[in-house]
Amino acid sequence: MTELGTLRQRLQDRARGLIKGGQCPTVDSLTKQCQSLLSRPYMKQIIRYTVETDNRDIPQLEYDIDHDVIKQLSDTYLGKNLIITDREQWGNDQIILAYRSQFHIENVFKEMKDRDIGSWWPLYHWTDQKINVHSFYCTIAVLLRALAHRRVKQAGIDISMKRLLAELDEIKEVIVLYPKKRGAKTSPQHTVLSKTSELQQSLLSILDVKPEEIAS
């Protein structure tokens, strides 16, 4: 539509004398140009145009949109998806729900490739055997991460996976070392968590993570 409008405006400017240089296009050349602009599917049916010369033998372009054709195409072809499945036991609602839930799997692959929160990179392996093992424990990491996120959301905390991992990453353990006593082989030490926010405390409680488990 924009290109046709620009083309029509140039022809009108030439007819008014605003454009004087260059060779005036012919009806045949304009017709071929319009056909090229409307080469995408259904465009020639939707947009109808005419190319005729005016009283000065300068071709002029007129076009309009056939809204009846748009309605017919919308009811038959445009925006239609054909879903095929071998799940014969599923009903229509289950098939549509599964189809519309594909974005969950797509998000998993997107997160696995994320170099900040993903589990696939970096990959320091070259042989097929080691790459297979790497993909195996990366898949386990994705499952554990998804289970943790699911438990947090079930507890009423609606945060994204990226926010969850960021909050957990901010929780640090601090090892306090004390002077070694006379005759002792090792210095006594005590492990505590860094200061945590209310949200981080809730996450630790929901995931049933105890400080001594972190220290171990």
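Start by selecting helix 8 (residues 161-169) and helix 9 (residues 198-206). Their axes lie 10 Å apart and the helices pack at an angle of about 95 degrees, so helix 8 and helix 9 are roughly perpendicular to each other. Axes here are lines fitted to C-alpha atoms, for helices over the stretch in contact, with angles running from 0 to 180 degrees between N-to-C directions. Under 35 degrees counts as roughly parallel, over 145 as roughly antiparallel, 65 to 115 as roughly perpendicular, and the rest as oblique. Helices (H or I, at least four residues) and strands (E, at least two) are DSSP runs, numbered from the N terminus.

A quick word on what is on your screen: this is a predicted model, where local features need pLDDT of at least 70 and side-chain atom pairs count only at pLDDT 80 or more, while totals for chains, interfaces and linings use all residues. Residues are numbered from 1 along each chain as its sequence is written, and side-chain values use heavy atoms, with hydrogens and water left out.

Now show side chains for R163, L164, E167 and L168 in helix 8, which meet L199, Q200 and L203 in helix 9. Contact means heavy atoms within 4.5 Å. This contact holds 4 nonpolar, 1 polar and 2 charged residues. Ala, Val, Leu, Ile, Met, Phe, Trp, Tyr, Cys and Pro count as nonpolar, Asp, Glu, Lys and Arg as charged, and the others, Gly among them, as polar.

Pick out R145, A146, A148, H149 and V152 on helix 7, then M161, L164 and L165 on helix 8, to see the contact. By class, it splits into 6 nonpolar, 1 polar and 1 charged.

Time to jump to the largest nonpolar core, which has 13 residues; select L4, C34, I47 and L61, the ones that touch the most other members. A nonpolar core is a set of buried Ala, Val, Leu, Ile, Met, Phe, Trp, Tyr and Cys residues joined through side-chain atoms within 4.5 Å. Buried means under 20% relative accessible area, exposed over 50%, and partly exposed in between (1.4 Å probe, protein chains only). Helix 1 (2-16), helix 2 (27-37), strand 1 (47-53), strand 2 (59-65) and helix 4 (67-76) each supply at least two residues of this core. Helix 1 gives the most, with 3 residues.

Zoom in on L61: leaving out residues up to four places away in sequence, L61 touches L4, L7, R8, L11, C34, Y49, T50 and V51. Another core lies apart from the largest one and has 6 residues, including I159, L164, L203 and L207.

While you're there, color strand 1 and strand 2. They run antiparallel, joined by 7 bridges; strands pair if DSSP finds at least two bridges between them. T53 stands opposite P59 in strand 2. The two strands form a hairpin with 5 residues between them. In that loop, click D57, which has a positive phi of about 65 degrees although it is not a glycine. D57 is exposed, at 60% relative accessible area.

Y42 is in the loop between helix 2 and helix 3 (43-46), and is partly exposed, with a relative accessible area of 31%.

Last stop: D13 in helix 1. D13 counts as buried, at 17% relative accessibility.
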